[in-house]
Amino acid sequence: RAASEIGEFTTLGLVEYLYGSFFANKGDWNSAIAHLQEGIKYFEEVKFLYGLAAARSFLGASYSYLGDSETGKRHAEEGLRMHHDSEIELHLSLQHYFLGVIHLHLIDLKNARRYMEEALRLSKKNNEKPVEGLSLIWLGKILGSTELPQIEKPEECILKGMEIFHELQLK
């Protein structure tokens with residue numbers, strides 16, 4: 001309430017974004033969506049493009065996990081566009097990761113692979129180890145589901161991703 005009284009909308013947007021990510025990690029997609037939508041409203045108020053991009057993409061992934069992947073795709077694509085417009089490369093890999101997951105939910109394996117490979121490339125370039133690990137695991141899942149030509153074997157990707165999570169002591 002205090003942040004609202006002094007018009008600190010960026011802080012309120014970040015708090016709502018973090019609440020949304022907390023509920024998403026619990027698998028409570030409806031609560032995640034509600035908080036991410038609130039975060040978006042605050043970010044729009046102050047035109048915080050980077051925050052809008054992150055919240056939009058996470059909102060897209062949340063809709064996809066809830067079973068509405070088309071709505072999720074629209075939000076995540078808008079998030080990626082906003083992220084590019086912000087000219088900030090930090091966490092750009094996460095935008096591609098979310099789109100890779102959404103395209104896998106849509107059974108669009110070609111685009112799922114394309115987005116996940118880009119998430120992997122960007123995460124390595126920017127030393128974003130958690131996203132690198134996630135991207136490897138999901139890329140393994142995508143490769144295991146497709147007949148497309150493969151350089152790496154699905155199992156190798158998944159094991160590399162799990163190794164990164166082990167090194168970072170993440171679950």
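The structure is a predicted model, in which local features need pLDDT of at least 70, side-chain atom pairs count only at pLDDT 80 or more, and totals for chains, interfaces and linings use all residues. Residues are numbered from 1 along each chain as its sequence is written, and side-chain values use heavy atoms, with hydrogens and water left out.

## A helix to start with

Helices here are DSSP runs of H or I with at least four residues, numbered from the N terminus. Helix 2 covers residues 9–26, and its 18 residues should span 26 Å at 1.5 Å a residue. The expected span is 1.5 Å times one less than the number of residues. The end C-alpha atoms of helix 2 are 26 Å apart, which agrees. After helix 2 comes Gly27, with a positive phi near 85 degrees.

Which residues of helix 2 are buried? They are Leu12, Gly13, Glu16, Tyr17, Gly20, Ser21, Phe23 and Ala24. Buried means under 20% relative accessible area, exposed means over 50%, and partly exposed lies in between, using a 1.4 Å probe and protein chains only.

## Salt bridges

A salt bridge is a side-chain nitrogen of Lys or Arg within 4 Å of a carboxyl oxygen of Asp or Glu. The whole structure has 8 salt bridges, and the table shows some of them.

| Pair | Closest N to O |
|---|---|
| Glu44 and Arg56 | 3.6 Å |
| Glu117 and Arg113 | 2.9 Å |

The salt bridge between Glu44 and Arg56 links distant parts of the chain, with Glu44 in helix 3 (residues 29–46) and Arg56 in helix 4 (residues 49–66), 12 residues apart. Glu44 is partly exposed at 38% relative accessibility, whereas Arg56 is buried at 17%.

Lys125 is exposed, with a relative accessible area of 52%, while Glu89 is partly exposed at 31%.

Glu117 and Arg113 both sit in helix 7, 4 residues apart, which is about one turn of the helix. Glu117 is partly exposed at 34% relative accessibility, and Arg113 is buried at 13%.

## The core

A nonpolar core is a set of buried Ala, Val, Leu, Ile, Met, Phe, Trp, Tyr and Cys residues joined through side-chain atoms within 4.5 Å. The largest such core has 36 residues, and Tyr17, Tyr97 and Met116 have the most contacts inside it. Helix 2, helix 3, helix 4, helix 6, helix 7, helix 8 and helix 9 (154–168) each supply at least two residues of this core. Its largest share, 8 residues, comes from helix 4.

## The largest pocket

A pocket is an open set of points on a 1 Å grid over the protein atoms alone, where a 1.4 Å probe fits and protein lies on both sides within 12 Å along at least five of seven lines; lining residues have an atom within 4 Å of a point. The largest pocket is lined by 25 residues, and Tyr17, Ser21, Phe58, Leu94 and Phe98 lie nearest its centre. Helix 4 gives the largest share of this lining, 7 residues.
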